[in-house]
Amino acid sequence: MSVQSAAADVDVDLRQLFASLARNWLRILLVALLVTGAAFAFASLATRHYKAETQVEIAPRESVYTRPASNNNDTDKPILDEQGVATQVQIISSTEILKQVAQKLGLEKLPEFDDAIDMSPLSRALVLVGLKSDPMEIPAEERVLKKMHEKLNVYGVEKTRIIAIEFSSEDPKLAAAVPDAIAAAYIAGQGAAKLESNNAAADFLAPEIADLSKQVKDAEAKVAAYRSHSDLLMGGNNSVLATQQLSELSSELSKVRANRAAAEATADGVRRALQNGGSLDAVPEVLSSDLIQRLRERQVELRSNIADLSTTLLGNHPRIRALKSQLTNLDAQIRSEAQKIMKGLLMQAETAKARENQLVADVNTLKAASAQAGEQQVDLDALQRDATAKRQQLELYLTNYREAASRQDRNYLPVDARIASKASVPSEAYFPKVGSIVGAAFAASLLIMAIVTLLRELFSGRAMRPAAGSRFERIDEVAMPDVAQAPDFVAKPVVRREPAILQDPFAHQEMAERSAEAEAEPYTAAMPYRAEAPDMVAMAEAAAAEQTAVAPEPARPSLGEIDIEKAAEKLIASGAARAIFVSPEGDEAAASAVLVAREVADAGLRVLLLDLTASGAASRPMLDSGLFSGITNLLASEAQFSDVIHADLYSDCHVIPVGTADPVRAMRAADRLPIIMQSLTTAYDLVVVECGPADAQGISRLTGDATEVFLSMLEPDDEVTQAAVKLIESGYPDLTLVTPLGHEPPGNPVPGRRTAAA
């Protein structure tokens with residue numbers, strides 16, 4: 001079984017874990033009260049500190065009636081944005097302002113701001129021995145400024161243009177006076193900076209205005225001289241006369257061309273109508289003639305008369321013939337008038353063409369004049385621009401100079417800041433807050449002690465319970481013999497009892513989620529020699545010697561068992577991590593587990609023997625006592641691994657005895673045995689378990705990966721044979737029989753010769 005598989009079978013028992021808080025409530029409360037008392041004493045004896053705050057608003061203070069005409073909203077933007085407020089914060093906390101406030105309030109005379117004043121004897125002694133720097137080595141002004149910086153806090157209020165000035169002091173009146181003085185010094189400094197800037201501007205503008213006046217006069221004189229020399233006459237719209245005339249002639253030429261084209265087109269239309277015999281009614285010029293309109297009216301009247309007479313007279317009637325003759329004459333007159341109109345249009349077109357030719361000649365003449373005037377105008381414009389720019393600059397300088405001079409004379413320079421809220425004398429100290437400190441100390445100490453207690457309970461392995469889904473089969477009761485007390489070592493009737501550790505009244509409890517983390521640390525104390533229980537090895541040898549003296553030993557039948565040396569060699573060669581010993585014959589056969597464990601330990605491996613017998617038959621010969629804490633104490637959560645692991649007095653082997661705890665209480669945690677076995681196999685090369693007269697079902701929870709099962713025997717009787725057959729049939733075909741008879745123990749060791757650290 002690996003560590004991961006064992007850890008997956010256990011879980012944290014929250015009930016057991018948090019029950020440790022109830023068991024250790026007195027210790028937790030005492031520690032919390034001690035810490036709370038110390039915090040209360042500190043808060044009561046600490047020096048009281050008071051804090052006051054002054055607020056300064058950063059905003060333009062210029063009145064709308066006195067604001068310069070050249071000023072606009074963008075001028076104030078660098079002061080009013082976030083970067084501008086941050087800049088003012090640095091100015092307020094600058095050394096120059098703090099020096100002014102310190103001198104005004106006389107802070108260098110107060111011990112709170114100068115460590116060199118009223119130094120305590122302890123401080124003087126520390127300075128003399130070099131454990132503390134001498135404050136006299138630093139100038140007094142620097143000492144005061146350092147203290148002021150420590151007590152001062154200047155910051156901009158978020159999303160506003162308000163700057164808060166906080167100052168703390170042992171004197172509440174001083175705590176309110178310092179921030180007010182800092183704010184006043186800041187505003188006075190800003191006013192002085194504005195006054196200095198205004199004076200500098202006025203001093204700069206005066207000579208500049210004189211120079212610009214001369215330059216403007218010279219530039220305007222150059223413009224006038226060039227204009228007269230180049231004969232550039234100005235027309236309307238501030239343009240050169242030649243250019244203006246060229247524009248007018250171009251417009252007139254366009255009109256003449258349009259009239260000529262219209263006349264030619266109309267005459268052509270009338271000509272086509274006369275030649276083709278078409279109607280002249282569609283020609284607008286014909287229709288607009290008054291004579292043609294009257295002829296048309298007479299023609300309509302004659303046609304009406306002819307139509308009326310045709311109803312009563314024939315077509316050859318003289319009257320009708322006369323009317324028709326008049327109608328024919330009217331048509332000839334209309335065509336004659338149309339020809340006259342056509343001739344008029346042709347004359348109009350000829351006149352327009354002649355005018356067009358004349359205008360084209362005039363335009364060509366003006367083009368050359370305009371080109372020359374344009375070149376001269378470029379030079380003139382350059383001179384005018386220079387003169388205009390200098391004049392504008394002169395006017396701006398004059399305006400600014402007048403404003404600066406007026407503000408200088410009237411001493412009117414509003415600062416872009418004001419004190420929004422003055423500091424009030426604090427009535428309550430901000431430090432120390434006795435209630436907060438005491439409450440925080442009590443809560444923190446309770447929490448820390450609770451965490452320490454829970455971690456201690458968790459790491460001890462006592463807060464483990466079976467995990468869901470893990471089940472172990474119930475162990476049937478197996479009888480064990482009592483410890484033999486007769487000096488002649490004659491076997492007495494065996495009264496079989498179930499081993500206390502292997503009883504399982506709670507077989508259906510869940511296994512713990514993970515194995516208890518514990519490293520088996522050696523038992524370092526030398527154990528005194530106490531002969532309270534007989535050594536099983538010595539008992540076996542004495543019995544064999546007595547039988548040899550009385551009569552020759554008959555030939556003993558063999559079941560294929562091996563001796564102690566071969567059993568140890570088998571464990572070493574196979575690399576087994578667990579060796580389970582079953583002793584059907586009772587406590588006397590438990591000597592095999594002891595001897596094998598010692599033999600393997602002497603070979604240089606780390607070996608531990610776990611005694612699970614009811615009487616401690618395996619651990620008593622190794623410790624010469626049955627009063628040591630052991631496996632029952634570990635199961636009952638009365639001890640940890642380091643408390644139950646002891647050193648064998650006669651070898652390098654370690655041993656966990658039965659223990660002194662209540663067996664009934666220990667049996668309730670019997671499901672923790674797999675966890676304990678996994679932890680032991682992690683710490684040791686080999687774990688030897690003496691189970692007494694247990695069966696296959698009883699040892700099932702002790703087995704795992706790399707496990708060897710041995711059957712201890714003294715006599716190959718039917719009881720041993722039946723036990724071996726049952727183990728083989730129950731799933732242990734590799735069962736090995738081992739006997740302690742014939743093993744020669746080492747010489748007389750010195751009790752306590754080795755410690756667990758060896």
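Q: Where is N633 found?
A: N633 sits in helix 19, residues 631–635. Helices here are DSSP runs (H or I, at least four residues), numbered from the N terminus.

Q: What kind of model is this?
A: This is a predicted model: local features need pLDDT of at least 70, side-chain atom pairs count only at pLDDT 80 or more, and totals for chains, interfaces and linings use all residues. Residues are numbered from 1 along each chain as its sequence is written, and side-chain values use heavy atoms, with hydrogens and water left out.

Q: Back to N633. Buried or exposed?
A: N633 counts as buried, because its relative accessibility is 5%. Buried means under 20% relative accessible area, exposed over 50%, partly exposed in between (1.4 Å probe, protein chains only).

Q: Which residues is N633 in contact with, leaving aside neighbours within four places in sequence?
A: E638, A639, V644, G659, T660 and A661. Contact means heavy atoms within 4.5 Å.

Q: New topic. Where is A175?
A: In helix 9, which covers residues 172–230.

Q: And why does A175 count as buried?
A: Because its relative accessibility is 0%.

Q: What does A175 touch, beyond four places away in sequence?
A: Y50, K51, A52, F167 and S169.

Q: How many residues apart along the chain are A175 and P426?
A: They are 251 residues apart. Their C-alpha atoms are separated by 7.9 Å.

Q: What about L33: which helix?
A: L33 lies in helix 3. That helix spans residues 25–45.

Q: Why does L33 count as partly exposed?
A: Because L33 has 45% relative accessibility.

Conventions:
Helix = DSSP H or I, 4+ residues; strand = E, 2+ residues; numbered from the N terminus.
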